[in-house]
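Reader: I am new to this structure and would like to learn how to read its features one at a time. Could you take me through them?

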There are 2 protein chains.
Amino acid sequence: MPALADDIGFLLSRASGLVVRATNDSLAEVGLRVRPYSVLVLACDEEGGISQRDLAATLGLDPSQVVALVDELARRGLVERTPSPADRRTKLVAATARGRELRDRATELAGSGGQQRLGRLTPAEQATLRDLLTRVVDDPA
Amino acid sequence: MPALADDIGFLLSRASGLVVRATNDSLAEVGLRVRPYSVLVLACDEEGGISQRDLAATLGLDPSQVVALVDELARRGLVERTPSPADRRTKLVAATARGRELRDRATELAGSGGQQRLGRLTPAEQATLRDLLTRVVDDPA
């Protein structure tokens, strides 16, 4: 009977929880937590903005959770909802100039928070971990 | 600026969420989800039972969450609280015979659920992933 400590699913949950906690602590300096930070990054990276549906799919969240996160960022003036050029009934979430500015500092902070745990691995090992996790996460081709 | 999709913390959260969801789906057959299943496994594996404090530390949960999980399993007759031989004020959570019986089937189901995603990796790659995650999770020596 395998022990829980050897179970990859269990290890994934524990590692994820520890890294999220450390990253939340680091992001506190800019008043963000991991989830709204992730929304901000995606809103910055997609040229012209990203739909709430795509945000939900990318982050693995319910649409209602995404609406709450976007509302929070919009209240702080970090993102805004704009009509999609392709279909004006669809709103895209786009970063404001202020959001882009905060993102740079937030990414530095998130990186240093994550490395508190991940820094135990060499850069080559981190690359291996990234590749393996990408294959676990990716949709089948 | 690194894309979110290359961020190891983000990949850990996504992978963990996907594996937990698949495992919950598999465990539904025995009326368990990942968290109570994990408590049951730890209660089975520790000779004589495990304290709620150790459960919380191992699972990375708050004590109040652990109490609720143990209550749920106790109501179903899968675990029971017994006084610790070392200190009768401390209660240990021990699996009942019925809990041990269910655990065997639950472990099969949890394994097959997890493999829906993890089976994309070869056994050698899964071993590498397990080793890397163990080092991320382990307390410093």
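Reader: Which strands does helix α4 of chain B lie across, and at about what angle does the helix run to β2(B)?

Author: Bear in mind that this is a predicted model. In chain B, helix α4, residues 63–75, lies across β2 and β3, and its direction is at about 110 degrees to β2(B).

Reader: What is the order of the strands in the open sheet of chain B, and which are the edge strands?

Author: The order is β1-β3-β2, an open sheet of three strands with antiparallel pairing. The edge strands, each of which pairs on one side only, are β1 (50–51) and β2 (79–83) of chain B. Between β1(B) and β3(B), the latter spanning residues 91–95, the antiparallel pairing runs over two bridges, and S51(B) has L92(B) in β3(B) as its bridge partner.

Reader: How should I read the relation between chain A and chain B?

Author: In general, two copies of a chain are related by a rotation about an axis and a shift along it. Here a rotation of 180 degrees, with 0.0 Å of shift along its axis, superposes chain B on chain A with an RMSD of 0.0 Å, which means that the relation is that of a two-fold axis. The same surface serves both copies, since 100% of the contact residues of chain B recur in chain A.

Reader: How many residues of chain B are in contact with chain A, and which element gives the largest share?

Author: On chain B, 40 residues are in contact with 40 residues of chain A. The elements giving two or more residues to that side of chain B are α1 (8–27), α2 (34–45), α5 (97–118) and α6 (123–137), and the largest share, 14 residues, comes from α1(B). By type, the residues on this side of chain B divide into 20 nonpolar, twelve polar and eight charged.

Technical notes
Residues are numbered from 1 along each chain as its sequence is written. Chains are lettered from A and ligands numbered from 1 in the order in which they are written. This is a predicted model: local features need pLDDT of at least 70, side-chain atom pairs count only at pLDDT 80 or more; totals for chains, interfaces and linings use all residues. Two residues are in contact if their C-beta atoms, placed from the backbone, lie within 7 Å. Helices (H or I, at least four residues) and strands (E, at least two) are DSSP runs, numbered from the N terminus. Ala, Val, Leu, Ile, Met, Phe, Trp, Tyr, Cys and Pro count as nonpolar, Asp, Glu, Lys and Arg as charged, and the others, Gly among them, as polar. Copies are superposed by least squares on the C-alpha atoms of residues with pLDDT of at least 70 in both. Two strands pair if DSSP finds at least two bridges between them. Axes are lines fitted to C-alpha atoms, for helices over the stretch in contact, and angles run from 0 to 180 degrees between N-to-C directions.
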